[in-house]
Amino acid sequence: MKSKNAPSILTAFASLALIGTSDAALVTGTWTSAQGGGPITNENTASPTVGDGTANSADSDALYSAMPTIALANVGEKVTLSGSANLIGIASGQVRQFRWGLYNVNSSADINGWLGYFATQGSGTTVGEAYERKDPNTTQFFAGGTSNVSVNVTGGTAPGTGISFASGDYTFTLSLERVASGLQVESTITRISDSQDFGTVSFLDTTPLTYTFDRVGFLIAGNLDADQVQFSNIDVTLVPEPHSAVLGLIGSALLLLRRRSHPSA
């Protein structure tokens, strides 16, 4: 005879599957200035603001926050940094001056020597890029240069002639996925008003220096001359490897079935 609990169990299992297996968390640790004198407000939220809107108030500023440690231990696991930023009063057309990254503090007592990856934006005919930090490196987490970033610098897409990075609202992402041969690195930055792409990058790093990440960081570099940058909903999402995710769903469904089959007195 068909169990009267079967439809409920199937419905519950389908609901579990629809919920998904990603673990997302807003970055709400205290945002700390790494350089620059621009004030940081809303520093204990996922939407900090740098600068007060006066001329160049957010110029040449960098900030970072700790996050729960994420270790990409298995093939198929992926961590994604995402959010949006409203850039106000910036010098139009500047390239690779806005940077966002996921880092490993690498036992450093300061902001130097971190490992990890960061992405940058393009403008006009200049592409956006993604960089891997060298080990060892000697300067701040957001710094470029051959002594600090590896040869895994990979150009993405250029917006096109006459299309300038300028003041406005942008969404950004940086994803690191563990694959059999290393880390698949993907980054994007898109202007919200017209969906214009200012840097889609994709490359396979076959010699990653770390699979563990515990910091989020940004640079608003000096050539932008920014008056203010308002970040919104900075988020880090971990997607577990598929095999573990499926086992977790099956286990949850079986536990529910057992409870329905053997209700407590």
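In which loop does N137 lie? Select the loop between β9 (129-132) and β10, where N137 is found. The model is predicted: local features need pLDDT of at least 70, side-chain atom pairs count only at pLDDT 80 or more, and totals for chains, interfaces and linings use all residues. Residues are numbered from 1 along each chain as its sequence is written, and side-chain values use heavy atoms, with hydrogens and water left out.

N137 counts as buried because its relative accessibility is 8% (buried: under 20% relative accessible area, 1.4 Å probe, protein chains only). Display its surroundings next: N137 touches G113, W114, L115, S147 and N148, not counting residues up to four places away in sequence (contact: heavy atoms within 4.5 Å). The side chain of N137 reaches the backbone nitrogen of G113 at 3.2 Å, and a polar atom of that side chain lies 2.5 Å from the backbone oxygen of K134.

Now select the open sheet, whose seven strands follow the order β2-β5-β14-β7-β8-β9-β10 with antiparallel pairing. Strands are DSSP runs (E, at least two residues), numbered from the N terminus; two of them pair if DSSP finds at least two bridges between them. At the edges, β2 (32-35) and β10 (154-155) each pair on one side only. Within the sheet, β5 (residues 61-71) and β14 (residues 212-220) pair over eight bridges; A66 has R215 as its bridge partner in β14.

Finally, select β12 (residues 182-191) and β13, an antiparallel pair with five bridges. Here S187 stands opposite V201 in β13.

Key:
Helix = DSSP H or I, 4+ residues; strand = E, 2+ residues; numbered from the N terminus. Buried < 20%, exposed > 50% of the residue type's maximum accessible area, 1.4 Å probe, protein only. Polar contact = N/O pair within 3.5 Å; in protein donor to acceptor, adjacent residues only side chain to side chain.
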